[in-house]
Amino acid sequence: MVSHSELGKLFCSADAVCFDVDSTVIREEGIDELAKFCGVEDAVSEMTRRAMGGAVPFKAALTERLALIQPSREQVQRLLAEHPPHLTPGIRELVSRLQERNVQVFLISGGFRSIVEHVASKLNIPAANVFANRLKFYFNGEYAGFDETQPTAESGGKGKVIKFLKEKFHFKKIIMIGDGATDMEACPPADVFIGFGGNVIRQQVKDNAKWYITDFVELLGELEE
């Protein structure tokens, strides 16, 4: 068993930190917000809960939820304009502190690129460091499915992204931070997983993560020591 102080040292010496987005970097679940905006909130949030608990294969759950929501391009744009996602307290400071230390910060999300890029811009994270699912629209803006070739559309997709990052950039130590089962599964290939329960506590993650936090202040504290 790795001690807490050793995990802290690993975090401080990481050359890349990957964050999940929904319920980690932002307070909401993007797909649930989109469902609420499109008037199908209850059915979709139940599906999200089942998917996060690992009960349904991720791509099947995503296909099923999007078929219910049928979001148009205009609805996605209006959601961002009228109900922009709320950043989790402390994330802005943490990302900026990591960037000052020349640590590469990535956002890896099973959510939607249009929403995640909006979040990335608020945190000065380049769009090239965003891995998320792409919604597809017909020329008239109506929903046309999603890009099923993205690794983030699959169960185990976050691990595939981390493996790709290691191969491409030769990172020695990658940290994955997130609230859900799909984040925990990405370690390995991530070197350390930090469970985050500041917005929602998922019991499976809380019970199994070697390091579990409920406030980003704890990670800022590690960097200051």
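Q: What makes Cys187 count as partly exposed?
A: In this predicted model, Cys187 has a relative accessible area of 25%. Buried means under 20%, exposed over 50% and partly exposed in between, with a 1.4 Å probe and protein chains only; Cys187 is therefore partly exposed.

Q: Why does Cys18 count as buried?
A: The relative accessibility of Cys18 is 0%, so Cys18 is called buried.

Q: Why is the pair of Phe19 and Phe216 called edge-to-face?
A: Rings of Phe, Tyr and Trp (its six-membered ring) pair if their centres lie within 6.5 Å; planes under 30 degrees apart count as stacked, over 60 as edge-to-face and the rest as tilted. Here the centres are 6.1 Å apart and the planes stand at 85°, so the pair is edge-to-face. Both Phe19 and Phe216 are buried.

Q: What makes the pair of Phe106 and Phe131 tilted?
A: The ring centres of Phe106 and Phe131 are 6.4 Å apart and the planes lie at 45°, so this pair is tilted. Phe106 and Phe131 also belong to a cluster linked by ring pairs, together with Phe164, Phe169 and Phe171.

Residues are numbered from 1 along each chain as its sequence is written. Local features need pLDDT of at least 70, side-chain atom pairs count only at pLDDT 80 or more, and totals for chains, interfaces and linings use all residues, while side-chain values use heavy atoms, leaving out hydrogens and water.
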